[in-house]
Amino acid sequence: MAITIKNRREIELMREASQVVALVHARLEEVIAPGVTPLDLNALAREIILGAGAKSSFLGHHGFPGVICASVNDAIVHGIPNRKPLRDGDLISVDVGAIVGGYHGDSAWTYPVGNVSDEVRQLLVDTEAALYVGIDAARAGSRLNAIGSAIEAFAAPLGYGIVRGYGGHGIGRSMWEEPHVANHGDSDRGPGLRPGMTLAIEPMLNLGTAETRVLADQWTVVTKDGRWSAHFEHTVAITADGAPDILTKRLVAVVQ
Ligand code: MG
Ligand code: MG
């Protein structure tokens with residue numbers, strides 16, 4: 001499937017969906033604390049998405065049972081929300097997608113639970129920074145792999161394992177469209193970026209090695225060495241000039 005170019009109307013629908021996602025993140029950030037369960041967060045996300053007149057991108061996607069992915073500690077992505085209360089010092093990566101007018105928005109964020117170690121706090125700071133490094137590289141005229149190359153150049157010297165088997169993606173009428181957006185690679189590879197391309201950019205960094213495995217639930221991707229992992233994601237639109245338009249960045253004036 002070719003990479004689709006979205007027109008202005010399509011991008012505005014994606015922005016609406018993305019703002020629902022941003023609102024979910026804003027509310028979840030307020031409630032994440034020791035004792036809260038991932039299923040509590042899932043219920044709140046569901047209520048916000050439905051209340052906004054949107055639909056969940058994730059629920060039923062290839063049979064996924066949640067409205068959010070909730071990946072705790074050594075889980076990297078695709079964690080199924082469960083009843084296990086979060087503990088002080090944990091981290092939780094929450095991935096959310098919503099659909100408005102047939103178009104998707106997708107964003108993930110990793111939150112500290114209570115007081116986390118300095119090492120974990122730095123992992124969160126650095127993975128969020130890696131996201132913005134990748135976003136800044138997503139410019140018309142560059143090649144797709146400029147994104148992954150920039151993320152790798154930032155994160156590898158810091159000693160993190162950069163997850164390779166999973167990454168970003170095109171997004172629009174489907175949550176997962178062409179192309180795959182790797183978090184590593186050579187900047188002169190891949191298709192040229194053009195205005196109107198819409199991408200989910202999502203680095204995942206591990207405190208240990210980059211190796212992963214999938215749990216018996218067939219969904220949850222965890223680190224092979226059991227060390228912890230963080231994941232930050234925005235949905236962006238490539239612009240004619242300058243840095244991309246971050247659709248999942250919360251616009252307070254639009255979503256109250
Ligand atoms: Mg996502
Ligand atoms: Mg995504």
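Strands, like helices, are DSSP runs numbered from the N terminus, where a strand (E) has at least two residues and a helix (H or I) at least four. By that reading, proline 179 lies in strand E8, which covers residues 177–181, and the peptide bond that leads from glutamate 178 to proline 179 is cis, with omega near 0 degrees.

This is a predicted model, in which local features need pLDDT of at least 70 and side-chain atom pairs count only at pLDDT 80 or more, while totals for chains, interfaces and linings use all residues. Residues are numbered from 1 along each chain as its sequence is written, chains are lettered from A and ligands numbered from 1 in the order in which they are written, and side-chain values use heavy atoms, with hydrogens and water left out.

A residue is called buried under 20% relative accessible area, exposed over 50%, and partly exposed in between, using a 1.4 Å probe and protein chains only. In strand E4, 10 of the 10 residues are buried, so the strand is largely enclosed by the rest of the structure. Both of its faces are covered, with Leu91 and Ser93 among the buried residues on one side and Ile92 and Val94 among those on the other.

| Pairing | Sense | Bridges |
|---|---|---|
| E1 (residues 55–56) and E4 | antiparallel | 2 bridges |
| E2 and E4 | antiparallel | 5 bridges |
| E4 and E5 (residues 103–112) | antiparallel | 10 bridges |

Individual residues show how these pairings are made: lysine 55 has isoleucine 99 of E4 as its bridge partner, serine 71 stands opposite serine 93 in E4, and glycine 97 has aspartate 106 of E5 as its bridge partner. E4 and E5 form a hairpin with 2 residues between them, and glycine 101 in the turn has a positive phi of about 60 degrees.

**The cavity**

Rolling a probe the size of a water molecule over the atoms shows where empty space is left. On a 1 Å grid over the protein atoms alone, a cavity is a set of points where a 1.4 Å probe fits but cannot get out, and its lining residues have an atom within 4 Å of a point. The structure holds 1 cavity of 30 Å³ or more, and about 30 Å³ of space lies in the largest cavity, a volume being the space filled by probe spheres set on the grid points, which are joined across faces, edges and corners. Its lining includes Cys69, His78, Asp95 and His231, and E4 gives the most to this lining, with 3 residues. Histidine 78, in the loop between strand E3 (75–77) and E4, has a positive phi of about 65 degrees although it is not a glycine.

**A second sheet and a neighbouring loop**

An open sheet of 3 strands has the order E6-E10-E13, with antiparallel pairing, and its edge strands, E6 (161–162) and E13 (229–231), each pair on one side only. Strand E10 (residues 204–206) and E13 pair over 3 bridges, with methionine 204 opposite histidine 231 in E13.

Elsewhere, arginine 213 lies in strand E11 (residues 212–214) and is partly exposed, with a relative accessible area of 42%. Glutamine 218, in the loop between E11 and strand E12 (221–223), counts as exposed at 64% relative accessibility, and glutamine 218 has a positive phi of about 75 degrees although it is not a glycine.

Definitions and conventions
Two strands pair if DSSP finds at least two bridges between them. On a 1 Å grid over the protein atoms alone, a cavity is a set of points where a 1.4 Å probe fits but cannot get out, and a pocket is an open set with protein on both sides within 12 Å along at least five of seven lines; lining residues have an atom within 4 Å of a point.
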